[in-house]
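Here is a short report for a reader meeting this structure for the first time. Please look at the sequence and the model before reading on.

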Amino acid sequence: MEEKFYTCKSDRAFKEVFMNKDNKDLLICLLEEVLDLKIKELEYLNLERNVGSIHIKRKHFDLNLKTDKGYIQVEVNTKNEEYINPRNTAYLCDTYSHYILKGEEYSEDKKIIQINFSYNKKSNKLLSVYKLRDDDNILFVNNLLIYEFYMENYLKIWYSKNENEIDKYKHIIMLDLKPYDLENLSKKDKVVKKYMEELERVNQNPEFREYMSAEEDNRKIENSLRSSWKRQGLEEGRKKGIKEGIKEGIKEGKKQGIKEASENIAKALFSLGMDKENIIQATGLSAKEIDNLLNF
């Protein structure tokens, strides 16, 4: 089997490539493209917080940056779950609070920006930019921003073979391209070529692959447990439904007689999926009576 190749759709691969100080030029190039501005200075905030092996510990930190344009955090969201937006907003607000509350005055000079590279999220757009505004479209503050990029739509540009569009967004498109496509894109761009080489280096790193293997194993175990719990819930519901059906049938039988009660029980059991033979045993009705009653 062909060995799996991890693109920067994986949050871990993204960090391994772009949290490497030797690749600061790649990160600046990407940020300049997505934010449409020039960045002269960039500092990794989370790397300085680590002690010991950066290679291992940085996997547990998000990509937080200080630039001459403001503070930037980057999130890679492969899932479209309800918790994603509240969680990311909490990260952003925490960052906003941390930097705005510092100093002797409350200033909006520096922007606080969150960039979300989002997958599996339906939209007709390439990008949404969120700001705090009122009903009259007046900004509450001007320095809190969320950029959300709908990554599947950028991949569509690649497959459209529209050269002008591809050239315009190439440094976003490259994030989820496999080696063959990266090779083609890199022929016209040195940044893409370096990115391709770095991504290949990461994929060949046994520690990274071991980490990814463990992460995927944990995800599969979690998915299996969820499926098991769901099946158990359905089974418990079925048993409870049978019990309630019998109970209601007996209650009704006190008013209408034993035969009618048995018929009510048979109908309840049939609606819950019990087969004919088990219904006969549970109700005492004959096979013919069951046939007539349930139109077998």
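The report goes from the whole chain to salt bridges, then to charged patches and one glycine.

This is a predicted model, in which local features need pLDDT of at least 70 and side-chain atom pairs count only at pLDDT 80 or more, while totals for chains, interfaces and linings use all residues. Residues are numbered from 1 along each chain as its sequence is written, and side-chain values use heavy atoms, with hydrogens and water left out.

**The chain as a whole**

The protein chain holds 13 helices and 6 strands. Both are DSSP runs, numbered from the N terminus: helices are H or I with at least four residues, strands are E with at least two. Of the 296 residues, 41% count as buried. Buried means under 20% relative accessible area, exposed means over 50%, and partly exposed lies in between (1.4 Å probe, protein chains only). The chain exposes about 18,500 Å², and carbon and sulfur atoms supply 50% of that area. Accessible areas come from the Shrake-Rupley method with a 1.4 Å probe; for residues, only the protein chains shown count as cover.

Contacts are heavy atoms within 4.5 Å. Among contacts with a separation of 6 or more, 58% join residues 24 or more positions apart.

**Salt bridges**

Side chains of opposite charge can pair when their charged atoms come close. A salt bridge here is a side-chain nitrogen of Lys or Arg within 4 Å of a carboxyl oxygen of Asp or Glu. The whole structure has 9 of them.

| Pair | N to O distance |
|---|---|
| Asp11 and Lys15 | 3.0 Å |
| Lys194 and Asp25 | 2.9 Å |
| Lys193 and Glu197 | 3.7 Å |

Lys194 is partly exposed at 24% relative accessible area. Asp25 is also partly exposed, at 42%.

Asp11 and Lys15 are 4 residues apart in helix H1 (residues 11-18), so about one helical turn separates them. Lys15 is buried, with a relative accessible area of 5%. Asp11, Arg12 and Lys15 are linked in a network of salt bridges.

Lys193 and Glu197 are 4 residues apart in helix H9, so they too are separated by about one helical turn. Lys193 is partly exposed at 40%. Glu197 is partly exposed at 41%.

**Charged patches**

Patches are made of residues with over 30% relative accessible area and no salt bridge; like charges are joined within 9 Å. Lys and Arg count as positive, Asp and Glu as negative; His and the chain ends are not counted. The place of a charge is NZ of Lys, CZ of Arg, CG of Asp or CD of Glu.

Which residues gather in a patch of positive charge on the surface? They are Lys40, Lys66, Lys69, Lys102 and Lys110. Lys40 lies in the loop between helix H2 (24-35) and strand S1 (42-44). Lys40 is exposed, at 75%.

A patch of negative charge on the surface gathers Glu104, Glu105, Glu108 and Asp109. Asp109 is in the loop between helix H5 (84-100) and strand S4 (111-118). Asp109 is exposed, at 66%.

**Gly70**

Is Gly70 buried or exposed? Gly70 is buried, with a relative accessible area of 1%. Gly70 lies in strand S3 (residues 70-77). Not counting residues up to four places away in sequence, Gly70 touches Leu65, Lys110 and Lys111. The C-alpha atoms of Gly70 and Leu42 are 9.6 Å apart, while the two residues are 28 apart along the chain.

Conventions:
Patch = residues over 30% accessible without salt bridge, like charges linked within 9 Å, V, L, I, M, F, W, Y side chains within 5 Å.
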